[in-house]
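Reader: Hi! Could you walk me through this structure, please?
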Amino acid sequence: MKIRVGTFNLFQFVEPPYSWYTKKEKFNQEQWVEKTTWIKNQIVKMDCDIIGFQEVFSRDALESLVKELGFNYFETVDEAILKNNTYISTTVAIASKYPISNIQKVKVHFPSFKKHGFRGRFSFARVPIKATIMLPNETELLVYVGHLKSNRLNEFEYIFNKEHDLKYKKEMVKKSLEGTGLTSLQQRLCEASSLFFNIKKVKNKPVVLLCDFNDKEFSLTIDALSNHKYHDDKSKEDFLLHDASYQYKKPIHNPHPEAKEVKRKPTSYFLGRGNVLDYIFISNDFDKDNIDRVANVTDYHVFDEHLQKDRDGSLVQSDHAQVVCELSFFSTNRPIFS
């Protein structure tokens, strides 16, 4: 059995006559039809069974849209705040073609925000979803949907690469946080840590996280989400979650001997520079190095055609690419080796 899961930042999904953040920011009816038509077409292209959505203001409008496309199960765990016909907050949502048997809010892990020295009242920028979905093969799949605190691409934040180890990243971020007031980065670290400790408690259920992470590849925020050693440097465990993009390598037929390694596609652009902000993370149940895994990642695709035409994106489309991962389950729940 195969299932496809995806993450989709809708970019100001606000049904007219309502506006977002300021009264002048709103769609007219013609723009709204254009936007919702484009979203439907993208969802059809993605060909998913489960989708996590970000920037959901108009909940009922999105529920109607996805149900037209065969997603009979739809949930949110929070409501966008509306004042004087203007939304001042947003939410995440999940749509599924398979039954959602349980839905919960992810709660704040208060020891984490104390550990990170976060000052003031802490809460998620957008409350994450924790949904249990019953698949046709009787597997209970736990799906999280998140949208972490906006990055703002702060000039004081370091950009890391795969050569930087955890110790170095911690040292550089500590310097960044001292005296700079980088509360967005602090909040993302707290949010990612809260997700880590929530997912860590999961027993005997495979996990998928669909997320606009608002942080770059190799960031310390990803370690806070996925790496046991971030939270306990004496831990003998390595990773709680894995970036699904590294679990799949697209086959290349007749490769050129001098061909360079294919670069990872950005999912968002700022001032012409591409960044990976949208991710699908998977638990060890899907890890290619785990002999007891229950499924393989058999496809990973970034739908970025609209960004190739306009890197800034469009309000009637999106300023993010959509990311899809295909999981192929073993009929015996174990891989078979020849």
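Reader: Which residue in β17 is the bridge partner of isoleucine 3?
Author: In β17, leucine 327 is the bridge partner of isoleucine 3. This is a predicted model, where local features need pLDDT of at least 70, side-chain atom pairs count only at pLDDT 80 or more, and totals for chains, interfaces and linings use all residues. Residues are numbered from 1 along each chain as its sequence is written, and side-chain values use heavy atoms, leaving out hydrogens and water.
Reader: Thanks! In which sense do β1 and β17 pair, and over how many bridges?
Author: Antiparallel, over six bridges. Strands are DSSP runs (E, at least two residues), numbered from the N terminus, and two of them pair if DSSP finds at least two bridges between them.
Reader: And what stands opposite threonine 7 in β3?
Author: Glycine 52. β1 and β3 (residues 50–56) run parallel, joined by six bridges.
Reader: Is β1 largely enclosed or exposed?
Author: Largely enclosed by the rest of the structure, because eleven of its twelve residues are buried. Buried means under 20% relative accessible area, exposed over 50%, partly exposed in between (1.4 Å probe, protein chains only).
Reader: New topic: which residue has lysine 97 over its face?
Author: Phenylalanine 71, with lysine 97 at 5.1 Å from the ring centre. A charge sits over a ring if NZ of Lys or CZ of Arg is within 6 Å of the ring centre and within 35 degrees of the ring normal.

Key. Helices (H or I, at least four residues) and strands (E, at least two) are DSSP runs, numbered from the N terminus.
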